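Hi,

Here is the structure I promised to pass on.

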Amino acid sequence: MSTISSPTGHQLPEEAIGVLSTDGFIDPTESAKAFVDDATAIDHERVAEMYRLMANTRRIDQEGVNLQRQGQLVLWTPSVGQEAAQAGAVTALEDRDWIFPTYREHVMARGRGIPDENVFDFFRGAVHAGWMPNDYNMQPYTVVLAAQVPHAVGYGWGIAQQQRGWTDARRAKEGRVAIACFGDGASTEGDIHEAMVFAASFDTPVVFFIQNNYWAISTPFEVQSKVPLFKRAQGYGFDGFAVDGNDPIATAAVMDRAVDHARRGGGPVLVEAHTYRMGAHTTADDPTKYRTSEEEAQYAQADPMVRTEQYLRRRFDYTDAFFDEVTGEGEQLAANLREKIVDAPDTISLREKFDLVYAEEHSLVEAQAAAFDRWMEAEDA
Amino acid sequence: MKIFTLPDVGEGLTEADVANWMVKAGDTVAVNQVIAEIETAKSLVEIPSPWAGVVQELYAEVGDTVNVGDNFIAINVTATGDDEEAPQAPLVGTGPKADTPGRRRRRGRPKAAAEVETPVEREPEPEPEPVAEPVKSDLFAKVLAKPPVRKLAKDHGLDLTTITPTGQHGEVTRSDVNAVLKADTPATTSAAPVAAGESETIKVSGVRKATAKAVTESYTSAPHISVFRQVDATRTMEYLETLKKHPRFENVRVSPLLVLAMAVSQAALNTPQANATWHEDTYSLHHYVNLGLAAATKRGLIVPNIKNAHEMNQLQMAQAIQELTSRARDGKTQPAELTGGTITITNIGVLGLDAGTPILNPGESGIIAFGAIRQQPWVVNGQLEPRWITTLGGSFDHRIVDGVEAGAFLADVAAILEEPALLIS
């Protein structure tokens, strides 16, 4: 099992559920007993789908950094290193379930079929949200830390109201779940506490899905919490699991069970996926200022892409043909994206944005718009 | 030809320094090939080429500061055919407009973005003719350099023979001269000569701002007392000559700073008041030494420290000093090195200064200024002799250190400089 110890002292907690070794062998952790059968029963099609989502996202991720450096994006938030956790989670959901993301859930957006250019329009600053949430049952990326988590719980509360009196069979077939994504940094926000108390009180069908990537920008996890985050669930009164988030089949198996539990009216569940942010927090961040290259090199060994590829080759005899095809697909996606994004016109002017803040008239925004007009006139004069 | 203007690679950055060019005029580049490294207030960032083509012109030199939105590189784009003359406006970002008053470019051609609306088509600089036998500079008594480079060196009082040439034919290049200037000039001075009779306004940012804040806080909160002591360091100079020849010290730099660092570390244990931290109601005497060394780096003044310097022997200390200064010079100082210091040395002698009243590094109670060591007439046993004399200066936090402790501390340091054999004790 891949217990990579970091120079900052972080280790996978002993309760973490892991099935695959860093090189793709089945080598379960002590705590994985109850999940090994489920994880290894995941068929090759789902593992391959997860791999495809991960690989294509990583290729587009790289293009995101390049396009930002070329002045085409305001910002980019790399998800490199966290792909397996997201792939395991998104493939555990039904299309009717709702995702409440942060700003880094690129694999989940791909899993929902959101076109890359829609995601990138958001990072161009060209649109308020890159996609219509109702088209994909995925909320817009939320940059305000933890703000989406009370939303998810509120949405889950609505689901609970609608499904009151449903039989277990109907819940299993038609029931819906909200998944609240956040990170170790956001776990410290007050919103999270309120959301968890509320979710427990009203048995809302919500899965709190934490990607613990060990770094809240420059603050290491050790400073964020003295205990692994999954342990907090017990204090609120629901179940919490820790999983090796760089292991796609372990994450998928744990998420399958968590989602099923919430879907059948069992109330909220917390899943803490231990992963690692291999890249910068955003393109405006320089991780060399707060962590060592030795640490990064150590975590490079736990790269989820390597593990997933090795597992597909060993267990399911996948060959170069498949991996080459995926690589080619990624290149094509990157080229298409580039064509759509480079020098793309703004879809809306800055002035027009004032009119779209509120549906009704709003005196403060009107005053701001008037000030903006005066400033523009002064600039022109 | 397309012109790529510098984008805002962070959130709300207005400028960046060119740290490195990976391409030159005439080079063929591919999309996303790294063309340059730039250093912003936040980080060192690689810039990938937005287009495939042939590099036509670089608009800035290494070390130049470029405003967001200014021309950065011109590329003759392949396959498109049509020439786009106008610079591409930064599509996104919060960079200033071309006429926003910002910091002027420090060096390089004075060319504001507004002036290059219609860039003059230039031939790419022709590749130098391949020379069958490269001319080596050491074949001639004189140094090879182009006239503008000679002028640049002369204007700054630099002797070309002292500069390591890196040019293709052994000539001293502009970058070589700039590298020496950069190493010699404190980062605070602006190199661009402003016309006589004008003032130059420089925005306070980065390390300059941090330094300003730290020294103001330290100077206004800690009542400083400064004392001096002249020391005959002749034995130290002789001792260093011996040390330099010792095989164990073959690969490390041995300098008077080494002896001083050893001396200060020992003296700090003897007089912990000089190695202390004031907390208003209490103060801490540190019975260990994290020895700070003030270092002038490209980004400004920083004070990294050597942890547990009091436990080190001379070889370990020499290595620690060497590693700390080379990391500082390369801009690779780790954050941990900048915190937890207990006492500081500022080696003002390398600047040719004899004495000074340094300001305490915040949170510390002692700082030693090490003056230049000069041969001076000195009375030894009633006879006038030429000796190597230096001045030790120190500033101390008077809330903890009185004249007695300051005197005792400097006496300990001076004793070792006068007789480094005491280090063995």
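Let me start with B:Tyr219, which sits in helix α3 of chain B, the one covering residues 206-221. Keep in mind throughout that this is a predicted model.

Is B:Tyr219 buried, exposed or partly exposed? It has 14 other C-beta atoms within 10 Å, so it counts as partly exposed, since that class lies between 12 or fewer for exposed and 20 or more for buried. If you set aside the neighbours within four places in sequence, B:Tyr219 is in contact with B:His224 and B:Ile359.

On to the cores. The largest nonpolar core has 90 residues, and A:Ala178, A:Ile179, A:Ala180, A:Val207, A:Ala250, A:Val254 and A:Val271 are the ones with the most contacts inside it. Another core, of 45 residues, lies apart from it and includes B:Val231, B:Ala233, B:Val252 and B:Leu410. As background, nonpolar side chains in soluble globular proteins tend to be buried together.

What does A:Ile179 touch, not counting residues up to four places away in sequence? The list is A:Ala89, A:Leu93, A:Asp97, A:Ile99, A:Phe100, A:Val207 and A:Phe209. One of these, A:Ala89, is also among the buried residues of α3(A). That helix, residues 83-90 of chain A, is mostly covered, with eight of its eight residues buried; A:Glu83 and A:Gln86 are included.

A:Asn137 is not a glycine but has a positive phi of about 50°. You will find A:Asn137 in the loop between α6 (133-136) and α7 (148-162), and it counts as partly exposed because it has 16 C-beta neighbours inside 10 Å. A:Asp317, also a residue other than glycine, has a positive phi near 55°. A:Asp317 is in the loop between α14 (304-316) and α15 (320-341), and with 9 C-beta neighbours inside 10 Å, it counts as exposed.

Cheers

Terms used:
Residues are numbered from 1 along each chain as its sequence is written. Chains are lettered from A and ligands numbered from 1 in the order in which they are written. This is a predicted model: local features need pLDDT of at least 70, side-chain atom pairs count only at pLDDT 80 or more; totals for chains, interfaces and linings use all residues. Helices (H or I, at least four residues) and strands (E, at least two) are DSSP runs, numbered from the N terminus. A nonpolar core is a set of buried Ala, Val, Leu, Ile, Met, Phe, Trp, Tyr and Cys residues joined through C-beta atoms within 7 Å. Two residues are in contact if their C-beta atoms, placed from the backbone, lie within 7 Å.
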